[in-house]
Amino acid sequence: MFRRIAVYLEMVKVAHTVFALPFALTGMFLAAREIGAPHALPSGKTVFYILLAMVGARSAAMGFNRLVDADIDSRNPRTSGRAIPAGQVSRPMASVFILMSVLLLALSAAKLNPLCLALTPVLLLLLFSYSYMKRFTWASHLVLGACLGASPVAAWIAVTGGFDARILVVSFAVLFWVAGFDVLYALQDIDFDRREGLHSIPRILGVGRSLWVARGSHVAMAALLLVGYHVFGLGGWYLAGLGLCSAVLAYEHGIVREDDLSRLNVAFFNLNGVVSIAFCLFTYLDLAVRGGPS
């Protein structure tokens with residue numbers, strides 16, 4: 001049983017939750033401060049259902065992506081060992097897993113507030129659309145960024161029951177952050193994408209110019225988070241976190257060069273995890289120490 005669970009967890013790359021969850025929590029903390037919650041924390045019930053909704057949304061999106069891409073993955077040496085191409089998970093069972101994940105998301109949204117439930121189909125449409133984008137457009141990196149960028153907005157709505165345009169600053173920062181590191185990740189598959197007729201920025205621009213696109217995306221992320229400092233009335237802890245994240249991203253781009261992609265996985269997995277967690281923690285520290293709505 002535990003081996004089967006491990007297979008499904010690997011199929012949806014549960015370890016990659018570190019990329020999206022911290023930014024969802026950041027949106028939650030900002031929203032909780034806005035409604036005057038003590039220590040910038042909403043009720044335990046709200047936190048619980050936000051976490052369940054994140055698990056459901058991410059599992060549904062990743063499961064759907066693995067199902068839709070199973071044939072492509074089977075032809076790519078880098079991905080042929082994934083659960084469905086390797087025969088560890090059947091397509092019918094993957095479909096059941098996706099359905100269960102969607103139900104978890106919907107039930108959690110219903111427990112949060114009516115607006116969350118009403119927007120669930122919109123979120124699923126966005127999450128599922130990503131799996132088809134690379135068949136048609138190089139902008140698949142931006143769509144993936146939008147999928148993760150939706151998490152701060154979703155968390156804000158979950159806490160407040162409404163929408164505030166200021167949270168879009170954080171969402172667009174996440175969009176550019178994800179798009180930037182997804183461009184880096186796609187460098188591994190340039191030749192495969194060309195053979196299969198798949199679209200990506202590295203396929204179109206090559207390695208050197210793609211690195212500059214990734215750098216520009218991360219500069220845009222840092223600039224947007226600096227705007228967030230002003231629109232949310234944040235303080236020194238937030239700026240310290242932004243400085244740390246910027247330094248980590250600069251190091252990430254320093255170790256990935258046009259003539260040396262050997263440390264690409266270190267940049268993608270380890271350093272980006274540091275960025276998301278550090279930003280979340282420093283933002284919470286700033287909110288908890290300063291208190292009061294902006």
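Is Tyr-229 buried, partly exposed or exposed, and what is its relative accessible area? In this predicted model, Tyr-229 is partly exposed, with a relative accessible area of 21%. Because the limit for a buried residue is under 20%, a value of 21% places Tyr-229 in the partly exposed class. Tyr-238, by contrast, is buried, at 3% relative accessibility. The two tyrosines form a stacked aromatic pair, with 6.4 Å from centre to centre and 20 degrees between the planes.

The structure has 11 aromatic pairs. One of them joins Phe-64 and Phe-128, whose ring centres are 4.3 Å apart and whose planes meet at 25 degrees, so the pair is stacked. The angle falls in the stacked class because planes under 30 degrees apart are counted there. Phe-64 is located in helix H3 (residues 44-68), whereas Phe-128 is located in helix H6 (residues 114-133). The contact therefore ties together parts of the chain that are 64 residues apart in sequence. Phe-64 is itself buried, at a relative accessible area of 16%. Another contact to an aromatic ring involves a charge: the charged end of Arg-215 sits over the ring of Trp-212, at 4.4 Å from the ring centre.

Salt bridges were searched for across the whole structure, and 10 were found. In one of these, Asp-71 is paired with Arg-91, and the closest N and O atoms are 2.8 Å apart. Asp-71 belongs to helix H4 (residues 70-75) and Arg-91 to helix H5 (residues 91-112); the pair links distant parts of the chain, 20 residues apart. Both partners are partly exposed, Asp-71 with a relative accessible area of 42% and Arg-91 at 39%.

Helix H4 also contributes Arg-75, which forms a salt bridge with Glu-196 at 2.9 Å between the closest N and O atoms. Glu-196 lies in helix H9 (residues 190-196), so this pair ties together parts that are 121 residues apart in sequence. Arg-75 counts as partly exposed at 45% relative accessibility, and Glu-196 is likewise partly exposed, with a relative accessible area of 29%.

A further salt bridge is formed by Arg-166 and Asp-164, with 3.0 Å between the closest N and O atoms. Asp-164 is partly exposed, at 21% relative accessibility.

The number of disulfides is 0. For Cys-116, the closest cysteine sulfur is that of Cys-147, at 17 Å, which is too far for a bond. For Cys-245, the closest cysteine sulfur is in Cys-280, at 10 Å, and this is also too far for a bond. Neither distance meets the cut-off, because the sulfur atoms of a disulfide must lie within 2.5 Å. Both Cys-116 and Cys-245 are buried, Cys-116 at 12% relative accessibility and Cys-245 with a relative accessible area of 2%.

Conventions: Residues are numbered from 1 along each chain as its sequence is written. This is a predicted model: local features need pLDDT of at least 70, side-chain atom pairs count only at pLDDT 80 or more; totals for chains, interfaces and linings use all residues. Side-chain values use heavy atoms; hydrogens and water are left out. Rings of Phe, Tyr and Trp (its six-membered ring) pair if their centres lie within 6.5 Å; planes under 30 degrees apart count as stacked, over 60 as edge-to-face and the rest as tilted. Helices (H or I, at least four residues) and strands (E, at least two) are DSSP runs, numbered from the N terminus. Buried means under 20% relative accessible area, exposed over 50%, partly exposed in between (1.4 Å probe, protein chains only). A charge sits over a ring if NZ of Lys or CZ of Arg is within 6 Å of the ring centre and within 35 degrees of the ring normal. A salt bridge is a side-chain nitrogen of Lys or Arg within 4 Å of a carboxyl oxygen of Asp or Glu.
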